[in-house]
Amino acid sequence: MAVNLVNLEAVGKVYGTRALLDGISLGVSEGDRIGVVGRNGDGKTTLVRILAKLEEADAGRVTHQGGLRLGVLTQHDSLDPAATVRDEVVGDLADHEWAGDAKVRDVLTGLFGGLDLPGFPDGMDTVIGPLSGGERRRIALAKLLISEQDVIVLDEPTNHLDVEGISWLAGHLRARRSALVCVTHDRWFLDQVCTRMWDVQSGRVHEYEGGYSDYVFARAERERIAASEEARRQNLMRKELAWLRRGAPARTSKPRFRVEAANELIADVPPPRDEAELMRFANSRLGKTVFDLTDVTVRAGSRELLRRLTWQLGPGDRIGLLGVNGAGKTSLLRVLEEAARSDGEKQPDAGHVKVGKTVRLGYLSQEVAELDPAWRVLEAVEQVRGRVDLGKGRELTASQLCERFGFGKQKQWTPVGDLSGGERRRLQLLRLLMDEPNVLFLDEPTNDLDIETLTQLEDLLDGWPGSLVVVSHDRFFIERTTDRVYALLGDGALRMLPRGVEEYLERRARARDAAAPAGRSAGQPSGGRTPNVKEPNAKAPKSAQDQGAQPAKPAAADRAARKELQRIERRLDRLGAQEAELHAEIAEHATDFERVAELDIRLRGVTAERDDLETRWLELAEQA
């Protein structure tokens, strides 16, 4: 039987008149990987701080096994601003010692992209004081992961990490022998890393076996049997469970639900989105044109982020936008926003953006605009609009929409100044949706939102008829709310990725391998104080003549490949629209067998052409 490394016995914690934790008894054993979930403000961070003895409990007892090595990542680091990255991460270790350590190389490469810390002005000798919060957090995480620990406690470890960093961290934690307690809202990460879940609700902690997918099933089953929760929340859980079960079968590393029970629970739950119906409604609201970009170039200072981009965002398109930091994701959205706000008068540095006449844009930026702290929540929403039309005769009042976003009747009268950061983010999203846009740009919408709020937002977006572009590092949210993924890989081009996030990670890995200089490992530092590490298998670099270097690919051929790529992407967009229309027609003429047979032949032709074009697109993408 596994020995408990940490024990909580009848722990209680009260703030003001509210009991965050009430008689909680839990244990962390060797090898445990525990994910902590719950609404913002329900006590997740308080629970793990008490567990780590960073905060005293009002009642009960917390005990650690003798000699326990405990590592904690809090939401606020304790790094010395006068120290360098080298001082905090590797301390007094000589260069050849830390650079020769496989664990150190893995951590620094995974979190920073290389041992020479690309992006930091002086590499390992960069002073911490002037760095951003995200950079400081990665340094604190690196410092923790390099050390040997018996138990690791992480509070929101994926904050400020991109998709690649989150993928690396999940793999690293799976390979560690340390027990883990992790507070995070990243559901993909929970599925990849955790084998148990703690759900903090109303002063209690409910335990579940398995990762996030298993937790969704178990909680939906518990709520169905107990019938103690509102019908709204039950339906949301069942809807998300339906999406999980109908999605990729390998969404968890070891699926553990009882499949028959899960399938029975979701038997009457429709797919998350009726794509044909939404596309038809989007066309009626937006017409044929939303945003058409022709030879658009976007610059940031002297740096060219996007070069001669030709792309089309059509009615009903749901696009996920990925990319390395600084590749131009937010800049692209800003260019489109400026064109829309100025009715097409404000144009980019080069090229042209055509904006549809009926476009009504809603843009949630990363820098959430400040609200008047004296406003009440309901007042802030009603200032935008009193009710919102969800389409197909469905309508919600401002108060009803507030409830769907977690602002109950009493909370609706709370002053904005008393809200937490996550609650203000929710309120900003709510005000945005109340304005009834038909095009939505969401730049990192999951920041500061808890899982229940994310689920409610996804449910709302499922039935939202319009064009959607999401920039996010939350892999689950991207996969859940969008139909296609595009990527900016830092080379000035925008590429469609038929296989989504997985393909993005593969391309980034290939790019890193190709960029690694010959004669040294991909993780070894270059420049500055270069560690003297022997590489017995390293060979002297060959001369260009010995290598038989091939001449560079002619620029004309490269331009032709890019042009054909853009043509194929436009054609794929049109084929997607045709496919949706054909599906809708087949449903409409379901009793007319001759008409259905004719439509089916056309649909097969469209599908075959799309498959051929996607194959050709992949070939050209490799060439370009």
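Residues are numbered from 1 along each chain as its sequence is written. Because the model is predicted, local features need pLDDT of at least 70 and side-chain atom pairs count only at pLDDT 80 or more, while totals for chains, interfaces and linings use all residues; side-chain values use heavy atoms, with hydrogens and water left out.

Let's start with the sheet. Three strands make an open sheet in the order 11-10-13, with antiparallel pairing. Strands (E, at least two residues) and helices (H or I, at least four) are DSSP runs, numbered from the N terminus, and two strands pair if DSSP finds at least two bridges between them. Strand 11 (303–313) and strand 13 (350–355) sit at the edges with a single partner strand each, so one side of each has no neighbour in the sheet. On average, neighbouring strands here are turned by 25 degrees against each other, direction ignored. Strand 10 (residues 291–300) and strand 11 run antiparallel and are joined by seven bridges; Phe291, for instance, has Leu313 in strand 11 as its bridge partner. Helix 12 (residues 329–341) packs on this sheet, touching strand 10, strand 11 and strand 13, where contact means heavy atoms within 4.5 Å. The direction of helix 12 makes about 125 degrees with that of strand 10; axes are lines fitted to C-alpha atoms, for helices over the stretch in contact, and angles run from 0 to 180 degrees between N-to-C directions.

Next comes a lysine. Lys13 is found in strand 1 (residues 4–15) and, at 10% relative accessibility, counts as buried (under 20% relative accessible area, with exposed over 50% and partly exposed in between; 1.4 Å probe, protein chains only). Leaving aside neighbours within four places in sequence, Lys13 is in contact with residues including Arg18, Leu21, Ile50 and Asp58.

Now for the rings. The whole structure holds seven aromatic pairs, meaning rings of Phe, Tyr and Trp (its six-membered ring) with centres within 6.5 Å; planes under 30 degrees apart count as stacked, over 60 as edge-to-face and the rest as tilted. Tyr208 and Tyr215 are edge-to-face, at 5.2 Å centre to centre and 75 degrees between the planes. Tyr212 and Tyr215 form a tilted pair, at 5.7 Å and 50 degrees. These two residues, Tyr212 and Tyr215, are three residues apart in helix 8 (residues 212–226), so about one helical turn separates them. Tyr212 is buried at 0% relative accessible area, and Tyr215 is buried at 3%. Ring pairs link Tyr208, Tyr212, Tyr215 and Phe476 into a cluster.
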